[in-house]
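Good morning, and thank you for coming. Please look at the structure on the screen while I go through a few of its features.

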Amino acid sequence: ISNAAALGQAANPITETLVNTTLAPVNVTYLITPTANACVGPVFSYVVTVNPAATASAGLSASICSGNTYTLAGAIAGDASSSLWSSSGAGTFDNAALLNATYTPSPADIALGSVSLTITTDDPDGAGGPCAAASSTMLLTIIPGTTANAGLDAAICAGSTYTLSGTRGGSATGSLWTSLGNGTFNNANLLNATYTPSANDIALGSVTLVLTANDPGGVAPCNVVTDQMVLTINPVDDPSFTYSSATFCKTGADPSPTVTGLLGGTFTASPAGLSLDAVSGAITLASSAVATYNVTYTTTGICPRSSTVSVTITTAPDASFTYSTPFCQGAANALPSFAVGASAGTFSALPAGLVFINANTGLIDLTASAPNTYTITNDIAAGGGCAAASSSFVVTINPTPVVNSAASATVCNKIGRAHV
């Protein structure tokens, strides 16, 4: 107590700092004994009521990663019976009246990088009392965390590669692609890396690809972040088909293909000239031009594919021919004549006696052939999808005339003729 023996009255007040360490009001009684001129007056008592002060603690300052919330750890004591949280920013509390309220930073808070959070108690003894409300503030630092986005799920056809479209953000400075399969990346550090599925990935039909963004600080609260996408690998269509032969004759039966792969595709041909049904692949031979064509079958499934076979259309053989008969034995060798489109095969003659210099051309050796009438046949073997052809022509070889006479004769003068 200062000035415990103070003289005078109001000019020398008695002062003392009173601290109430309890949770209830405490009365302090002062006994004042007045003295004057060696005379002692009666003791006077004075009672001071000390109310317990309110206290508040917002807890220690903390850090979180952007995108996260923070659960506060406030505390109040003394005569405080309630509290309310407030923010220097624009975030929100789930319930500001709770000591352990959860705070969600606003975009503005995140952009600033920190926000002050204050807990304020109620006024314990009201507006007229000597005690005031208590408050405490903590600083919540918001660290820009890392973000990773592997992109949308996608699908490719077996045998293809896939170019990824990952993104990273926040404080991430690097990233790495990994596969839950066993395919390969051209460069796993690139956001748009190219992935080549393995045979096992293809057999399974899908693979999960994971993008991991790094944590530059390397410590909590912001750790590495991952995101994943599923790459579906569809099998390619089987476009296998065949025709019964690679060569068809214009006069033959119209062929249709046998599709051993996926049905429902379309047929095309090149060059132009083949009469082809685009749906069934059937060829109309009579209206097709003689040529060799590439017929292509293309599937229409998820992963379309094409295959091509070669088809040749040929003309039916014509074996018709003629000779300029009759011939004289010993004359110049004779060749047959062919109509337009006709050709030689193998020539033969009946009966025996006619000699061909070349049976493949029909050239007759008229000197070596015996005089007679012959039936000459030109046979063209089956081939090129066409049936065999045959044609015959009658040829006569006449003998060379011979003079039968003596070598000389003698006649009488004036007789005007001689018999030879």
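Let me begin with a question: is Phe248 buried or exposed? With a relative accessibility of 8%, Phe248 counts as buried. Here buried means under 20% relative accessible area, exposed means over 50%, and partly exposed lies in between, with a 1.4 Å probe and protein chains only.

A word on the source: this is a predicted model, in which local features need pLDDT of at least 70 and side-chain atom pairs count only at pLDDT 80 or more, while totals for chains, interfaces and linings use all residues. Residues are numbered from 1 along each chain as its sequence is written, and side-chain values use heavy atoms, with hydrogens and water left out.

I turn now to the aromatic rings. Rings of Phe, Tyr and Trp (for Trp, the six-membered ring) pair if their centres lie within 6.5 Å; planes under 30 degrees apart count as stacked, over 60 as edge-to-face, and the rest as tilted. The structure contains 14 aromatic pairs. In one of them, the ring centres of Tyr243 and Phe248 are 6.3 Å apart and the planes meet at 75°, so this pair is edge-to-face. Tyr243 is buried, at a relative accessible area of 10%. Phe267 and Tyr297 give a tilted pair, because their planes stand at 35°, with centres 4.6 Å apart. Phe267 belongs to strand 26 (residues 266–270) and Tyr297 to strand 27, so the pair ties together parts 30 residues apart in sequence. Strands here are DSSP runs (E, at least two residues), numbered from the N terminus. Both Phe267 and Tyr297 are buried. Ring pairs also link a cluster, and Phe327, Phe347 and Phe393 are among its members.

Next, the disulfides. A disulfide is a pair of cysteine sulfur atoms within 2.5 Å, and by this rule there are two. In the one formed by Cys157 and Cys303, the sulfur atoms are 2.0 Å apart. The torsion about its S-S bond is about -95°, so the disulfide of Cys157 and Cys303 is left-handed. Cys157 sits in strand 15 (residues 154–157) and Cys303 in the loop between strand 27 (291–298) and strand 28 (306–314), 146 residues apart. Cys157 is partly exposed, with a relative accessible area of 22%, whereas Cys303 is buried, at 1%.

Cys249 is joined to Cys386, with 1.9 Å from S to S. This link of Cys249 and Cys386 is right-handed, with 100° about the S-S bond. Cys249 lies in strand 24 (residues 247–249) and Cys386 in the loop between strand 35 (372–380) and strand 36, so the pair ties together parts that are 137 residues apart in sequence. Cys249 and Cys386 are both buried.

Which strands form the open sheet, and in what order? Four strands form it, in the order 30-36-35-32, with mixed pairing. Strand 30 (327–328) and strand 32 (346–350) stand at the edges with a single partner strand each, so one side of each has no neighbour in the sheet. Two strands pair if DSSP finds at least two bridges between them. Strand 30 pairs with strand 36 (residues 389–398) in the parallel sense, over two bridges. Across that pairing, Phe327 stands opposite Ile397 of strand 36.

Thank you for your attention.
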